[in-house]
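Welcome, and please have your viewer ready. Here is a short tour of how side chains pack in one protein model.

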Amino acid sequence: MAPAAIETVTRPIDQLTGEERYRQLKSSVGDRPLDRFIYGPHPISGSQTDPVKQVRIPTFSDPRDERAFRKLHAAACIRWLGENGYNNEGAGGHVTVRDPIKPDHFWINPFCKSFRYMKPEDLCLVNEGGIVQPEGNMHAINPAGFSIHLAVHQQRPDVVAAVHCHSIPTKAFSALGAKLEPINQDACRFYEDHAIYDNFGGIVLAHEEGRRLAKALGNKKAVILQNHGILTVGKSVDAATYLFGAMDRCIEAQLQADAAAAGRGTETIKIGHEEAVYTRRVYTDEMEYNMFQSCFEDMVRGSHGELSMLSGGERNGYDQFPRDW
């Protein structure tokens, strides 16, 4: 695996100015590694001497605290998906997050339950055999969702969470057999970092179909399921959800841009390879987590007390000093 850009850092990323981070990414090569979580928020605006508050992903000394954190954030992410219309296809969407205590188990939303009212205690814990475990909600789960997500979690040990829902833009775009193009800054997040699974075999009830889908995903952050939709993955459920929403909106923008260009008899203008790669590499695992935190706050504030900002046991997170990672 190529060396990660962040491995050349001589100071913590959160102490780099934007100009320093730009020069660093331009002069180094390689992408972030899959085998560990890469910390680093947005760079600071200048050479800061007094501490400023930064939203950071917390760390944990007790895996039980991390389990509670992942479940809380999964519930908020599922609510956000519901609020944004991604639960409008009956029971077609599913979100999973790997359990930190039993890494070969994952938490998944219960079958045929509304996304918009999800709570941590509603999530089901399932093992690799598809058996729902008594540590969680003893409720049926989506068998297609299990087959897809099981294969992804098995083939990608780095993946903490995966998100798949149905939306109008992704269903339309997936019928074209095309990849997302770098026609805007946001689309560059997925430049050369998404794949196409072109072997639609009906509803994914067979495990073999799930394994083929996971193989198509490879080491990328997203896969377009031809004639179906998209699936995104991340090292946090916040990141996977953020990437799903971002990719869905980029697809919608590309469909509109392509239609406008066709009407004008022109082609869309693409961002250059070097600029697209640089833009993609700006994002650390922590930054992808951070990008969802305003949405997490929206879900907590709108839950009328059903969700909380903290799960308990967080260390090094927002407004907590000093940090020791």
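## Ground rules

This is a predicted model, in which local features need pLDDT of at least 70, side-chain atom pairs count only at pLDDT 80 or more, and totals for chains, interfaces and linings use all residues. Residues are numbered from 1 along each chain as its sequence is written, and side-chain values use heavy atoms, with hydrogens and water left out.

## Nonpolar cores

A nonpolar core here is a set of buried Ala, Val, Leu, Ile, Met, Phe, Trp, Tyr and Cys residues joined through side-chain atoms within 4.5 Å. Buried means under 20% relative accessible area, exposed over 50%, and partly exposed in between, with a 1.4 Å probe and protein chains only. The largest such core has 46 residues, and L81 and M247 have the most contacts inside it. At least two residues of this core come from each of helix 2 (63-83), strand 1 (94-98), strand 5 (161-165), strand 7 (222-225), helix 6 (237-264) and helix 9 (293-301). Helix 6 gives the largest share, nine residues. Helices (H or I, at least four residues) and strands (E, at least two) are DSSP runs, numbered from the N terminus.

Another core, of 14 residues, lies apart from that one; A162, Y197, V223 and L225 are among its members. Returning to L81, its contacts (heavy atoms within 4.5 Å) beyond four places in sequence include V95, F115, V163 and F244.

## Aromatic pairs

Rings of Phe, Tyr and Trp (its six-membered ring) pair if their centres lie within 6.5 Å; planes under 30 degrees apart count as stacked, over 60 as edge-to-face and the rest as tilted. The count comes to seven aromatic pairs. F69 and Y289 are a tilted pair, because their centres are 6.5 Å apart and their planes at 35°. F69 lies in helix 2 and Y289 in helix 8 (residues 285-290), so this pair ties together parts 220 residues apart in sequence. F69 is buried at 7% relative accessibility, and Y289 is buried at 4%.

W80 and F292 are edge-to-face, because their centres are 5.5 Å apart and their planes at 80°. W80, Y86, F244 and F292 form one aromatic cluster.

## Charges over rings

A charge sits over a ring if NZ of Lys or CZ of Arg is within 6 Å of the ring centre and within 35 degrees of the ring normal. K71 lies over the face of W107, at 4.2 Å from the ring centre, and K221 over that of F190, at 5.9 Å.

## A loop residue

D122 sits in the loop between strand 2 (106-108) and strand 3 (124-126). Leaving aside neighbours within four places in sequence, D122 is in contact with P110, Y117 and N137.
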